[in-house]
Amino acid sequence: MKRKLALLMALALTVSLAACGNSGKEGKAGKETTDSKAGTEAEGKAEDKPEKLVMVTTTDHEDLYSYVADEFYEKYGIDVDIISLAYADVHDKEVTMALGGSQLDILTVDTVWPGEFAKSGIARPLNEYFTEEEIAQLYPAFVDEMSVGDDIYAIPTMTEGKWLFYNKEMLEEAGYSAPPSTYDEMLEMSRNMMDKGICKHGTAWAASQAEGFVCDFNAALYAYGGEWINENGDFVFNSKAGVDALNMFINSMKDNTADPASVSYSDRDNLDPFMAGDTAFVTCWSYAYDFTNDPANSSVAGKVEVAIAPGQGEVEYSATTGGGGLGITSSCKYPEWAVEFIKIAISYEVQKDVLDKFGNMPILKRVLEDPEILKDNPEFEIMAKQFDYAHGRPTIADYSSWSKMLQLNLSKALAGEVTAQEALDEAVRISNQEYK
Amino acid sequence: MKRMVDNKKFNRQMPAYKLICPAMLVIFALNIYPLLNTFVISFQWKNMLDASKNGFAGLEQYISVLTNSEFWNSVKVTGQFVIMSLTIQSFFGMLIALLLNQNFKGRRFVRGAILAPWAVPTLVNAVLWGWMLNANYGLINRLLMQWGRISEPVAWLGDAKIAMIMIVLADTWRMLPLTVLMFLSGLQSVSAVSLEAGKIDGANVFQRFFHIILPQMKPIILVVLIMRTTQTMKVFDIVYMLTNGGPANGTMVISFYTYYTTFKSLNFGLGATLSIVIAGIIFLITLLYLRILKEA
C-alpha cells in the first residue's frame with residue numbers, strides 16, 4: 001500500500017516538474033497557437049503539399065493573418081498554424097524557433113530586421129518567387145526597407161509610419177485652422193495654447209530608452225536636413241542637423257513645452273496624456289487614429305485629426321516608416337506554398353479588407369488610390385501622402401545591437417548626463433568603428 | 001557478511017531510486033544538461049550575425065566579457081540592486097517579524113495578510129508598480145501632490161538613480177513577506193529562557209535583541225541572505241517591464257544584459273559566457289555565505 005502511494009506521489013512529482021516548463025503561453029500578452037480551418041478542400045497538387053505551415057505574428061495582426069489563412073485554406077486546403085505574441089516577443093520567438101530547428105515557415109519581419117535575418121541566414125531571398133509586376137504594385141519605400149542590397153527578404157504586407165495626431169478642438173480654440181507643418185511651428189503653437197490654458201503641455205514624446213525614440217529621432221534627423229549614412233557609407237548623424245534635432249527634444253522637455261515625464265514614456269504611453277486631454281499633439285503609429293477616437297479609450301474621442309509628420313526649415317515633411325512584411329525561413333520545406341500565402345496577403349481583395357476590417361494601412365498602391373475607399377476614409381488621403389516623405393532607419397545587420405547603443409547615448413543626452421553633441425559624437429564613433 | 005548487509009541495504013533502497021528516477025531525469029533534462037551545454041557553448045564563437053568566425057574560441061569570450069565596460073556596468077548596477085534590496089528587506093523583515101512575534105489581538109490575521117503581496121505574480125507586480133509610478137496618472141504622484149509634498153509630477157522612472165530605487169521598492173513590496181516569514185520562524189527558535197534571564201538581569205530591548213536574539217538567529221539570517229542574494233542577482237522581469245534597462249543603462253542588470261546579448265544581438269556564445277560568469281559569481285558568493293554559516 002505504502003509502495004503504491006509512494007509510486008503515485010513520484011508520478012505526481014514528475015508530472016508537476018514537467019509542467020513547470022514552458023506552458024506554451026509566450027510573452028507578456030501571448031496566446032496559444034490558433035489553427036485556421038475553414039472552407040472545403042481545394043484543388044491542387046496532392047503531392048508536395050505540406051500538412052500545415054507555421055507562422056509567427058504579433059497579437060495586433062493575428063486577426064488579419066487568420067483571415068488570410070482562412071482564404072489560403074479555402075484555396076489550397078493547407079492549414080496555417082499562427083503563433084501570435086506581443087510585438088516585443090516576436091523577434092526572439094522567431095529567432096529561437098528558426099535556429100532551434102522547430103518548424104517555422106512564414107516570418108513576420110519588422111522594418112529593422114531584414115539585415116539581421118539575412119545575415120544570420122534565418123530568412124531566404126524572395127526575388128525568384130515574385131515577378132517585377134507584382135513588386136511594382138507595392139509602395140517602393142517599403143519594398144526597399146525589406147531588402148538588403150538587391151535581395152528582397154520580406155514582402156511588405158502593410159504600410160505604417162508615425163503621423164502627427166492633433167486635437168482639432170484645442171487648435172480651433174487657440175485660433176488655428178490648420179495643423180503645424182514644422183517642428184518650430186508645432187512648438188510655438190504649443191506654447192501659445194499652454195499660455196491660454198488650453199493644454200498642459202504641447203506634446204509628450206516617446207523618449208524612454210527604447211526603439212520608439214529612435215523612430216522619432218529618425219524623423220527629426222531628416223526633418224532638420226540630416227542623414228544617418230553618407231554616400232561613402234560613413235555614419236554622419238552627429239552633424240549640426242542631428243544635434244539640432246536632438247536638442248529640439250531636449251529643450252522642449254526642459255521648458256515644459258513637451259511633458260518632462262516623456263523620458264519615461266514608451267511609444268504607447270505618450271498617447272495617455274493626449275487621450276486625457278492634457279496635450280494637443282502626439283506622434284504615433286497609424287492605429288492611434290482609431291484608438292484615440294474611440295470613446296472606450298479616450299476622453300478626446302471625435303476630436304482627433306491626423307496630419308503629416310512635420311518637417312523643419314526647407315524640409316517640407318519628414319516621417320518614419322514602419323510596418324513590416326512576411327518572409328520565408330531558409331528552413332521552410334515548402335517555400336512555394338508559403339509564397340502563395342504571401343500572395344494572398346497582398347492581393348487586392350485582402351488588402352481592401354486590411355483597411356476595412358482591420359484598420360491597417362494597405363501596401364497596394366491602387367487600394368489607397370481607390371475613390372470608393374477614400375470616400376469612406378478621407379483621412380487616408382492625408383496619411384498616404386506621407387509615404388512620399390518617409391525615411392527608414394539604417395539597414396544594419398546587427399541592428400538590435402546598434403540601436404541599443406544609440407538608445408543608450410540618446411538617453412544620456414535626454415537625461416542631461418552629456419550634451420547632444422557629445423552623445424551623437426560617441427554614437428557615431430562606435431557606429432563607424434563596429435557597424436560599418 | 002558485510003557484502004550481504006550492503007546488498008540487503010541496496011535492495012531495500014532500490015525502490016526509492018526507482019521512484020526518484022523520473023524526477024531526476026526531468027531535473028537532468030531541464031537543469032543539468034542545459035547548464036553543461038551552456039558551459040560548452042561558452043568556449044565557442046556562436047554569433048548568428050557573423051557565422052564566418054564560428055568555432056572554438058577558447059577563453060577569448062571570457063576575456064572579452066571581463067574586459068567589457070558594459071558588463072562591469074551591469075555588475076555594478078546589479079550590485080547596487082542586491083545591496084539595497086538586502087539591506088531594506090533584512091532590516092524591515094526583522095522589524096516586522098519582531099512585531100508579529102508579539103502577542104496582540106488579530107495577530108493570526110495580520111500574519112496571514114502580510115503574505116498577500118508575495119502571492120502576486122512578478123509581472124503583475126511590475127505592471128502594478130508601472131501604473132503607480134506613472135508620472136501623470138500614477139497614484140504616488142497624485143498622493144504626494146495632494147499632501148503638498150511635491151508641486152509637479154515626478155518622472156520616477158525617468159532618472160537612472162530614482163528608477164533603481166523604485167525597482168528596489170517594487171521588488172521589496174513583493175518579497176518582504178518571504179523575509180518576514182523566515183525571520184518569524186527563526187524567532188520561534190530563540191530560547192525563551194535566555195530572553196527571560198536577560199530581562200531579569202536588566203537588559204533593555206536593544207541589548208536583548210543584539211546579544212540574545214541576533215546571535216541565535218544567525219543561521220536563519222544567513223539562509224535568508226543566501227537565498228535573497230541569489231534571487232536578487234537574477235532579477236529580470238521587473239526591469240524588463242518597468243525600464244528595459246534604462247534610462248541610460250542605469251538599471252541594466254546583469255541578467256537583462258545577458259538576455260539582450262543572447263537574443264537581440266544573436267550572440268549565443270557571448271550570452272553563454274555571460275551566463276557562466278554570472279553563475280560563477282553567485283556560486284562564489286554562496287560559498288562565502290556557507291563558510292560564514294559554518295563558522296556560526
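Reader: Which helix of chain B is Thr229(B) in?
Author: This is a predicted model, and in it Thr229(B) belongs to helix H10 of chain B, residues 205–233.

Reader: Buried or exposed, that Thr229(B)?
Author: Buried, because its relative accessibility is 4%, and the cut-off for buried is under 20%.

Reader: What is Thr229(B) in contact with, leaving aside neighbours within four places in sequence?
Author: Val82(B), Leu86(B), Ile285(B) and Tyr289(B).

Reader: OK, what does UniProt say about transmembrane regions in chain B?
Author: The unreviewed entry places them at residues 20–45, 81–100, 112–133, 209–227, 239–260 and 266–290 of chain B.

Reader: How much helix is there in 209–227 of chain B?
Author: That span is 100% helix and 0% strand, with its end C-alpha atoms 23 Å apart.

Reader: And how much in 239–260 of chain B?
Author: There the chain is 50% helix with 0% strand, and the end C-alpha atoms lie 12 Å apart.

Reader: Switching to the interface. How many residues of chain B are in contact with chain A?
Author: On the chain B side 33 residues, in contact with 39 residues of chain A. The area buried between the two chains is about 3,100 Å², and carbon and sulfur atoms give 61% of it. In chain B, the residues that lose the most area to chain A are Leu19(B), Leu49(B) and Ala248(B), together 19% of what that side buries.

Reader: Which helices of chain B supply at least two residues to the side that touches chain A?
Author: H1 (2–41), H11 (237–242) and H12 (254–264) of chain B. H1(B) gives the most, with 7 residues. By type, the chain B side has 24 nonpolar, 7 polar and 2 charged residues.

Reader: Now chain A. How many helices and strands?
Author: Chain A has 19 helices and 16 strands. It is 436 residues in all, of which 57% count as buried.

Reader: What about salt bridges inside chain A, say which residue does Asp216(A) pair with?
Author: Asp216(A) meets Lys162(A) at 3.0 Å, N to O. Asp216(A) sits in helix H9 (residues 211–223) of chain A and Lys162(A) in strand E7 (residues 162–167), 54 residues apart. Both Asp216(A) and Lys162(A) are buried.

Reader: And what does Lys436(A) form a salt bridge with?
Author: With Asp234(A), the closest N and O atoms being 2.4 Å apart. Lys436(A) is in the segment after helix H19 (420–434) of chain A and Asp234(A) is in the loop between H9 and H10, so the pair ties together parts 202 residues apart in sequence. Lys436(A) counts as exposed at 60% relative accessibility, while Asp234(A) is partly exposed at 23%.

Notes
Residues numbered from 1 in each chain as written. Chains lettered and ligands numbered in written order. Predicted model: local features only at pLDDT ≥ 70, side-chain atom pairs only at ≥ 80, totals over all residues. Heavy atoms only, no water. Contact = heavy atoms within 4.5 Å. Buried area = accessible area lost by both parts, 1.4 Å probe. Helix = DSSP H or I, 4+ residues; strand = E, 2+ residues; numbered from the N terminus. Nonpolar A, V, L, I, M, F, W, Y, C, P; charged D, E, K, R; others polar. UniProt positions renumbered as here; feature names shortened; annotations may be inferred. Buried < 20%, exposed > 50% of the residue type's maximum accessible area, 1.4 Å probe, protein only. Salt bridge = Lys/Arg side-chain N within 4 Å of Asp/Glu carboxyl O.
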